[in-house]
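Q: Please take me through this structure one feature at a time. I would like to learn how to read each feature and then see the case at hand.

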Amino acid sequence: MKKILTLLFFGTFLCQAQDKIKFSYDPLTGNQIVRELCLGCQTGKQTNETKEIEATTQEDLLKFSPEDVISYYPNPVKEELYLKWELTNETFVKSIQVTGINGQILKLYENKKNSNSQNIPFQDYPTGVYIVSLSYNNGDQKTIKIIKQ
């Protein structure tokens, strides 16, 4: 009887252990940077409710590089990726391509000459890493790594 009670006690404790580990991610690359054990945290089931975004501010948008005119939000993404770029002299985004990590092209958005933003839905894609490539009319190309949670 003692063995059964001990097994039940440790089984219950181990089942709740995952709720006590918290992770932090680098917003630019999506890499895990901190893993910590939180013994004083509340335990319980997490809900899969989607947080509504009222308005995306300029501070929310991540830049490819500090001098770049292209920004994106959020990374890691759960449902939808928001891309925004500035139209410059004679240079514009010709197409946007979403590629799986295995190289398979999942979605292609073309004829972006007169627009300066694009929402890319990710809710139908499985969890993983994706590459988003922006092709310019002058032949240049920029890519970002997006993590889908």
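**Reading the model**

A: The secondary structure of this protein, in a predicted model, comes to 1 helix and 10 strands. From the N terminus on, the order is α-β-β-β-β-β-β-β-β-β-β.

Q: What pLDDT does the protein average, and which element has the lowest mean?

A: Where pLDDT is low, the predicted coordinates should not be read in detail. Here the average is 75, and 64% of the residues score at least 70. Among the elements, strand S3 (residues 62-63) has the lowest mean pLDDT, 55, while S7 has the highest, 93. Over residues 43-51 the pLDDT is below 50, and this stretch has 4 contacts in the model beyond near neighbours in sequence.

Q: In what order do the strands of the open sheet lie, and is the pairing parallel or antiparallel?

A: Strands of a sheet pair through backbone hydrogen bonds, either parallel or antiparallel. In this protein 4 strands form an open sheet in the order S7-S6-S9-S10, and the pairing is antiparallel. Strand S7 (105-110) and strand S10 (141-148) are the edge strands, each pairing on one side only. From one strand to the next, the twist averages 15 degrees.

Q: Over how many bridges does S6 pair with S9, and over how many with S7?

A: Strand S6 (residues 93-100) pairs with strand S9 (residues 128-136) over 7 bridges, in the antiparallel sense.

Q: How many residues lie between S6 and S7 in their hairpin, and which residue in the turn has a positive phi?

A: The S6 and S7 hairpin has 4 residues between its strands. Gly-103 is the turn residue with a positive phi, of about 95 degrees.

Q: Which residues have the most contacts inside the largest nonpolar core?

A: In a regular strand the side chains alternate between the two faces of the sheet. As for the core, the largest one has 19 residues, and those with the most contacts inside it are Leu-81, Leu-83, Ile-96, Ile-120, Phe-122 and Val-132. The elements giving two or more residues to this core are S4, S5, S6, S9 and S10. S9 gives the most, with 4 residues.

Q: Which residues does Phe-122 touch, leaving out those up to four places away in sequence?

A: Phe-122 touches Val-77, Lys-78, Glu-79, Glu-80, Leu-81, Val-98, Tyr-130, Val-132, Ile-146 and Lys-148. Two of these partners, Leu-81 and Val-132, are also among the core residues with the most contacts.

Key: Residues numbered from 1 in each chain as written. Predicted model: local features only at pLDDT ≥ 70, side-chain atom pairs only at ≥ 80, totals over all residues. Heavy atoms only, no water. Pairing = 2+ DSSP bridges. Axes fitted to C-alpha atoms, helices over the stretch in contact; angles between N-to-C directions. pLDDT = per-residue confidence, 0-100. Contact = heavy atoms within 4.5 Å. Core = buried A, V, L, I, M, F, W, Y, C linked by side-chain atoms within 4.5 Å. Buried < 20%, exposed > 50% of the residue type's maximum accessible area, 1.4 Å probe, protein only.
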